Amino acid sequence: LTYILTLITVDLFTKVIIFFNFMDLNFSFLNGNFGFNPFINRDQMSIFNSLFNLGISTNKLIIINVVTLILLCLLYARIKAVFGIDKHTTVIFILFISASICSIIDKLLLGGSLDYLLIFRWICDLKDIYLYLGFLYLVIYLVKNVDSSSSFKDDIKKVKKLFQLNN
């Protein structure tokens, strides 16, 4: 919980400082690939909304984020109870849960998201960095720890055990 609160606090304080002091500051370097370009994104307020041009409203996005947050917490607790959990899995969940909470806060306080980091001509914020780091960590973790000797049938048994679907 401490790590989650720390990530949320860093995201929030960064946005407060930018909002009150640096909204007019814009710069880029390395041919415009990196920089600082703060703006409140109220049009494409989620990665999926932006990528797929879904046009989902703020209220629906808040509901989706709350449901996602609840599911992440329940899934973490269930995996911990059934299989035990290692530090890598904990870090992945910390990143995803923190990003989810930050997203809810953004939408409630700003009606959107204060994006400010320019990375390869894409503008994002720390919450987006948390999401991408969590996803990257998850992929690397799965690739390094996949049990190639495990059969599909064994994998199905694990999923059934996780969700108590045993007959």
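The following conversation goes through a predicted model of one protein chain.

Colleague: What kind of model is this, and how are residues numbered?

Modeller: It is a predicted model, in which local features need pLDDT of at least 70, side-chain atom pairs count only at pLDDT 80 or more, and totals for chains, interfaces and linings use all residues. Residues are numbered from 1 along each chain as its sequence is written, and side-chain values use heavy atoms, with hydrogens and water left out.

Colleague: How many helices and strands does the protein chain have?

Modeller: The protein chain has six helices and four strands. Both are DSSP runs numbered from the N terminus, with helices (H or I) of at least four residues and strands (E) of at least two. From the N terminus on, the order is α-β-β-α-α-α-β-β-α-α.

Colleague: What share of the residues is buried?

Modeller: Of the 167 residues in the protein chain, 32% are buried. Buried means under 20% relative accessible area, exposed means over 50%, and partly exposed lies in between (1.4 Å probe, protein chains only). The chain exposes about 10,900 Å², and carbon and sulfur atoms supply 68% of that area; accessible areas come from the Shrake-Rupley method with a 1.4 Å probe, and for residues only the protein chains shown count as cover.

Colleague: And what about contacts between residues at least 6 apart in sequence?

Modeller: Of those contacts, 66% join residues at least 24 apart. Contact means heavy atoms within 4.5 Å.

Colleague: Let us turn to H1. What span does it reach?

Modeller: Helix H1 covers residues 2–21, 20 residues in total, and reaches 28 Å from its first C-alpha to its last, close to the 28 Å expected at 1.5 Å a residue. The expected span is 1.5 Å times one less than the number of residues.

Colleague: Which of its residues are buried?

Modeller: In H1, the buried residues are Ile4, Ile8, Asp11, Lys15 and Ile18. Seen down the axis of H1, they fall within an arc of 105 degrees, so they line one face of the helix; the arc is that of the directions from the helix axis to the C-beta atoms.

Colleague: Why would such a spacing put residues on one side?

Modeller: An α-helix has 3.6 residues a turn, so residues three or four places apart point the same way.

Colleague: What does the buried side of H1 pack against, and what sits on the face turned away?

Modeller: The buried residues of H1 pack against strand S2 (34–41), helix H4 (87–110), strand S3 (113–119) and helix H5 (126–145). The face turned away carries the exposed residues Thr2, Tyr3, Phe13, Phe20 and Asn21.

Colleague: Where does Thr9 lie, and how far is Ser98 from it?

Modeller: Thr9 lies in helix H1 and is partly exposed, at a relative accessible area of 34%. Thr9 and Ser98 are 89 residues apart in sequence and 9.7 Å apart in space, C-alpha to C-alpha.

Colleague: Now the largest nonpolar core. Which residues have the most contacts inside it?

Modeller: Phe93, Ile97, Tyr116 and Tyr130 have the most contacts inside this core, which has 24 residues. H1, helix H3 (58–83), H4, S3 and H5 each give two or more residues to it, and H4 gives the most, with 10 residues. A nonpolar core is a set of buried Ala, Val, Leu, Ile, Met, Phe, Trp, Tyr and Cys residues joined through side-chain atoms within 4.5 Å.

Colleague: What follows H4?

Modeller: Just after H4, Gly111 takes a positive phi of about 70 degrees.

Colleague: Is Pro38 buried or exposed?

Modeller: Pro38 lies in strand S2 and is buried, with a relative accessible area of 6%. Leaving aside neighbours within four places in sequence, its contacts include Ile18, Phe22, Leu114 and Tyr116. Pro38 and Asp115 are 77 residues apart in sequence, yet 5.6 Å apart in space, C-alpha to C-alpha.

Colleague: Finally, how many aromatic pairs are there?

Modeller: The count comes to seven aromatic pairs. Rings of Phe, Tyr and Trp (its six-membered ring) pair if their centres lie within 6.5 Å; planes under 30 degrees apart count as stacked, over 60 as edge-to-face and the rest as tilted. Phe29 and Phe34 are stacked, at 6.2 Å centre to centre and 25 degrees between the planes. Trp122 and Tyr132 are edge-to-face, at 5.3 Å and 85 degrees.

Colleague: Which residues do ring pairs link into a cluster?

Modeller: Ring pairs link Phe27, Phe36 and Tyr116 into a cluster.
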